[in-house]
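Open the model in your viewer and keep the sequence panel beside it.

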Amino acid sequence: MTDTAQQEKPGLYERLKAATGHPLAEPILALICFLEAMIVPVFPEVMLAPMILADRRRAWRLATICTVSSVVGGVFGYAIGYFLFDTIGKAIVEFYGAGVGFEQLRENFIANGPFMIMVGAVTPIPYKIITITSGVAGIDIWTFILYGFIGRGLRFFVPCGLFYFFGPVASTFIEKHKKWAGWVMLAAVIGGFAAAPLLFPKHGTEVTDQVIERTTGTDIIPGSMAPVQSE
């Protein structure tokens, strides 16, 4: 094989970009968003970004597809927590490192459901933990759907808007660094698996126990809470 043939071989980013034109690209993106809200640790942006850079005119349609698919997947995640936590949900929660101290997490959802849903829907915290815990906590389903739409809408419409308005600049930059662009996207997928457990602090450390004790008024370690002085 000649050097010219090797140079013309498409890189990872070029293959990803070419795949965005496939007739099944949008259904696959919808499926990824659906599964991401329920079980799969992957960032939809890995596929979403090249699709918008290839044709930024469909940015808003793709944002809508991602939002709706994610919310629908979230409802299934809610159902797993509500109906199937002991058989399926518990294993998923433990996989993401949130199994220890899950009861405290559930109580936080009962006390601050809408806030917790919003935070989980917008931030990189694995959304499936939010959806499953919402089901376990028995959050009102319509409240869950409403705040899911708001949070997931922000999660997808904001970056899609940025890609829409700054897409040409980003595309030019990526074209100059094709070799690294694809690997960065692949690393984001792998990072979704590796970093997920790190997003949930392990219960049982001194700092964690002190925070929970002060928040809930429960003496986790006997004698560890300072006495309250009356004024």
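An axis here is a line fitted to C-alpha atoms, for helices over the stretch in contact, and angles between N-to-C directions run from 0 to 180 degrees. The model is predicted.

**Stop one: a helix pair.** Select residues 25-36, helix α3, and residues 45-54, helix α4. Their axes come within 10 Å and cross at roughly 150°. Angles over 145 degrees count as roughly antiparallel, and α3 and α4 are therefore roughly antiparallel to each other. The crossing of α3 and α4 is left-handed. Now show side chains: from α3, Ala25, Glu26, Ile28, Leu29 and Ile32 meet Met47, Leu48 and Met51 of α4. The residues of this contact comprise 7 nonpolar, no polar and 1 charged.

**Stop two: a serine.** Move to helix α8, residues 127-137, and select Ser134 within α8. Is Ser134 buried or exposed? Ser134 has a relative accessible area of 0%, so the residue is buried. Next, display Tyr78, Phe109, Ile117, Ile139 and Phe144, which are in contact with Ser134 when neighbours within four places in sequence are left aside.

**Stop three: the cysteines.** Select Cys33, Cys66 and Cys160. How many disulfides does the structure hold? There are 0. A disulfide needs two cysteine sulfur atoms within 2.5 Å. For Cys66, the closest cysteine sulfur is that of Cys33, at 3.5 Å, which is too far for a bond. For Cys160, the closest cysteine sulfur belongs to Cys66, 6.0 Å away, also too far for a bond. Cys66 is buried, at 0% relative accessible area, and Cys160 is likewise buried, at 0%.

Terms used
Residues numbered from 1 in each chain as written. Predicted model: local features only at pLDDT ≥ 70, side-chain atom pairs only at ≥ 80, totals over all residues. Heavy atoms only, no water. Helix = DSSP H or I, 4+ residues; strand = E, 2+ residues; numbered from the N terminus. Parallel < 35°, antiparallel > 145°, perpendicular 65-115°, else oblique. Left-handed = near helix turned anticlockwise from the far one by under 90°. Contact = heavy atoms within 4.5 Å. Nonpolar A, V, L, I, M, F, W, Y, C, P; charged D, E, K, R; others polar. Buried < 20%, exposed > 50% of the residue type's maximum accessible area, 1.4 Å probe, protein only.
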